[in-house]
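Thanks for coming. I will take a few minutes on one model, with the conventions stated as they come up.

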Amino acid sequence: TSLILWEWVGKDPLWACVLVKGFLSAFLDFDVEEQPVAMTEIKENVLEAFAGLASPRIAFATQATSECISASNEELIRHHGCLAIALNSSGMVQVLLKAENSLCRFASFLATLLQPELLADDSRNWSSQRAATLVLLGGDSPTALRTTRQAKAAAVSLRAEIETHKVELWRKLIREFSALRFEVQASVLRNCVQLSYFLPLDMECLQELVSEALYFTSPNGSANDAALLVTLCFVAANSGAYPEDFPNLVFVVSGTSSEVKTLMDSRWERWLWQGCCQMDILAQWIVDLELSKMFQEGASQSVEHLEPSETEMDLHRLHKGDQKVDPSSPLKMRLQDLVLDAPNQFQCAISAQLMMDPVQTPEGFVMERSVLADALNASGGLCPLSGNRLILTDCPRQPDLRRRITKWI
């Protein structure tokens, strides 16, 4: 077990990496057909134990139980940072990539060690590192700032190491998922979303992932199908792909059953709150998918003769403020209404455009999250409307309003 392994190596993450790397390297010298059954079982146990070293149970095994939330959070961040350093310095990443049928479990392991809450904080436009640490840990301590800085540096180094192997990583993940018919836990899919945020796929790899996944997806399927379709949208957005790049995915998503759509909506909500998404691109997916549903349900007779790809291209340009839309398009005025002339309650208080990810400031202003983030970055942390100090985490998302906007679209 992870706990036995952790005690065996004297709670030293580098020694754990060296030990497991040595075992796996020796294991790789055997031909698959020559591997004794017992050795295969040992390999599986060792990999499972090693992946479990990132769990809170192991992190807190090094300290007395604390009732202070901030102290526990700090210890967990420190533990993950030490594991990241050990993984990087031992060259363990390359060995893990060579191990057969192991990447599904290590997708979660790597996503945890990259510490999205630390690496993604640049997009939150913190007014100070101290404020970021207070929010992240839920409290302060004399060592908090140093711990988060060191852990973030470790995560950045690990990310750079994985970056050199990311094509191999994604291709092996796709092969393993295909062998499992993409019947994997939603938590693993969520970890893949996080990985794609820091390690975006190239277009060829992304095309392969979408094609393979859609082959095993049923539009009248299960909760797993819903999670998989949402994952594909998030991963595509994180990799810089817009809906017009994947009309097959848009078609499948918009044609799913009402039960699957309900499950997808629920997962969209949860994963949006958890972050690690390119919201400016994901907003295009939200709008385009809703518009495609409208097409398939026959809600708009005036645009029935147009191909969805034309519609999506126009909507994408308009939402980005690009006025170079074909004036002869019958959708011109309708899309202008949707994106530029939305009802007042659906408009961003800064840009006056239709909101896809509304947040509310403590003063009561409602704005598009990405627009507010850019404004805070430009102003050095000042609210663009009130002039008061403001950080993005003080502005909660408004899921009810987003649902009303989606329904209106």
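A residue is called buried under 20% relative accessible area, exposed over 50%, and partly exposed in between, with a 1.4 Å probe and protein chains only. This is a predicted model, in which local features need pLDDT of at least 70, side-chain atom pairs count only at pLDDT 80 or more, and totals for chains, interfaces and linings use all residues. Numbering starts from 1 along each chain as its sequence is written, and side-chain values use heavy atoms, with hydrogens and water left out.

I start with salt bridges, meaning a side-chain nitrogen of Lys or Arg within 4 Å of a carboxyl oxygen of Asp or Glu. The structure holds 5 of them.

One joins the side chains of Arg-171 and Glu-208, at 2.5 Å from N to O. Arg-171 sits in helix H11 and Glu-208 in helix H13, so this pair ties together parts 37 residues apart in sequence. Helices here are DSSP runs of H or I with at least four residues, strands are runs of E with at least two, and both are numbered from the N terminus. Glu-208 is partly exposed at 27% relative accessibility, and Arg-171 is also partly exposed, at 22%. Together with Glu-204, these two residues form a network of salt bridges.

A second bridge, between Lys-166 and Glu-163, has an N to O distance of 3.3 Å. Lys-166 is buried at 17%, while Glu-163 is partly exposed at 34%.

Now back to H11. H11 has 14 residues, 166–179, and so should span 20 Å; its end C-alpha atoms are 20 Å apart, which agrees. Its buried residues, including Leu-169, Trp-170 and Phe-177, pack against helices H6, H7, H10, H12 and H13. Contact means heavy atoms within 4.5 Å.

After H11 comes Arg-181, with a positive phi near 60°. Most residues other than glycine have a negative phi. Phe-182 also has a positive phi, near 60°, and lies in the loop between H11 and H12. Phe-182 is buried, with a relative accessible area of 1%.

Technical notes: Expected span 1.5 Å × (residues − 1).
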